Amino acid sequence: MGDFRSDTVTRPSPRMRRAMAEAEVGDDVFGDDPTVRRLEEAVAARLGKAAALFVPSGTQGNQIAARLWTAPGEEVALGAHAHSLDWELAGLAALSGLQARVLPAPRGAIDRSAAATALRPAGGFRPACRLLLTENTHNFCGGAVVPLAHLEGLAEVARARGARVHLDGARLWNAAVASGVSEARYAATADSVMVCLSKGLGAPVGSLLAGPADFVAAARDVRKLLGGGMRQVGVLAAAGLVALEESLPGLAEDHRRARRLAEGLAGLPGVALPLGAPETNIVFVRVPRPAAPIVAALEAQGVRALATGPEDLRFVTHRDVGDADVERAVAALAAALG
């Protein structure tokens, strides 16, 4: 089965499984799991931040950051189609009492003038907007890489208005590989940043939230509040350490396969790439018939994709799909379309 639904569907590698079985562990709620500490220190260093916190999911990392940088009744400014807006079950409102101020964001790049207008203190019956939430790569803009210069410009706007910036870097590793810009340079445009280990890097579970030391200390308490305090979680952190070492070099291959997949799919009659050619590992295609039965037809041929709209499909390349899977996906969609 070629499973292109997401890069979260990967299985732990043999090295990950061995590391998990042999991990030195402690109680991470007490802060004494040595494997978790090694992972947190490694990721903080790679991102150029003072500290990092291991959390169960990217969603929790984003939600912790939003809660800490704001107060209930304030706003968060973020781009249209941001993950925290569309795919985190309205957590900004439900968990932290925040209102989302949605800004134009072509290919994931939030409009700078719109951000300048949105970020404001309270007054005149309007709530304060003290947080700008950016995303890189941008999932539902087709894995687009938001340019470093654009993020730096947004950071300047936020600083001028006394606002904070949080970077949803679930696939920041992909952005770094595709652009040649280090994760630390991207992370420097934000006060806090979240990165996932369970997407492009293929670890089974986990993300990290990084930022200033006092922010991360406070984040530990919010993680507990949200039910994310885990105990002997070094068994998962061990897989994350292996993922950092063995998976980063393979991301370029994921991107190459995504380009080949896009070329093959776009060559089929009636199939289009509504977001253009992929920059990283995410391919969106528009088909000339309803997507749901197309997905079922693909699965019958051993290919899994995700329906993201009435006639839209998403394919994501990752470490568990190879060149043969890409060619099979093209052939399967050709057959499904008749």
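Which residues form one aromatic cluster? In this predicted model, where local features need pLDDT of at least 70, side-chain atom pairs count only at pLDDT 80 or more and totals for chains, interfaces and linings use all residues, the cluster is formed by Trp87, Phe140 and Phe284. Residues are numbered from 1 along each chain as its sequence is written, and side-chain values use heavy atoms, with hydrogens and water left out.

Rings of Phe, Tyr and Trp (for Trp, its six-membered ring) were taken to pair if their centres lie within 6.5 Å, with planes under 30 degrees apart counted as stacked, over 60 as edge-to-face and the rest as tilted. By this rule, the count comes to four aromatic pairs. Phe4 and Phe315 form an edge-to-face pair, with 6.0 Å from centre to centre and 65 degrees between the planes. This pair links distant parts of the chain, since Phe4 lies in the loop between strand S1 (2–3) and helix H1 (14–22), whereas Phe315 lies in strand S12 (residues 312–316), 311 residues apart; helices (H or I, at least four residues) and strands (E, at least two) are DSSP runs, numbered from the N terminus. Both Phe4 and Phe315 are buried, a term that means under 20% relative accessible area, with exposed over 50% and partly exposed in between (1.4 Å probe, protein chains only).

The pair of Trp69 and Phe215 is stacked, because the ring centres are 4.6 Å apart and the planes are at 10 degrees. This pair, too, links distant parts of the chain, with Trp69 in helix H3 (residues 58–69) and Phe215 in helix H10 (residues 213–225), 146 residues apart. Trp69 counts as buried because its relative accessibility is 14%, and Phe215 counts as buried at 5%.
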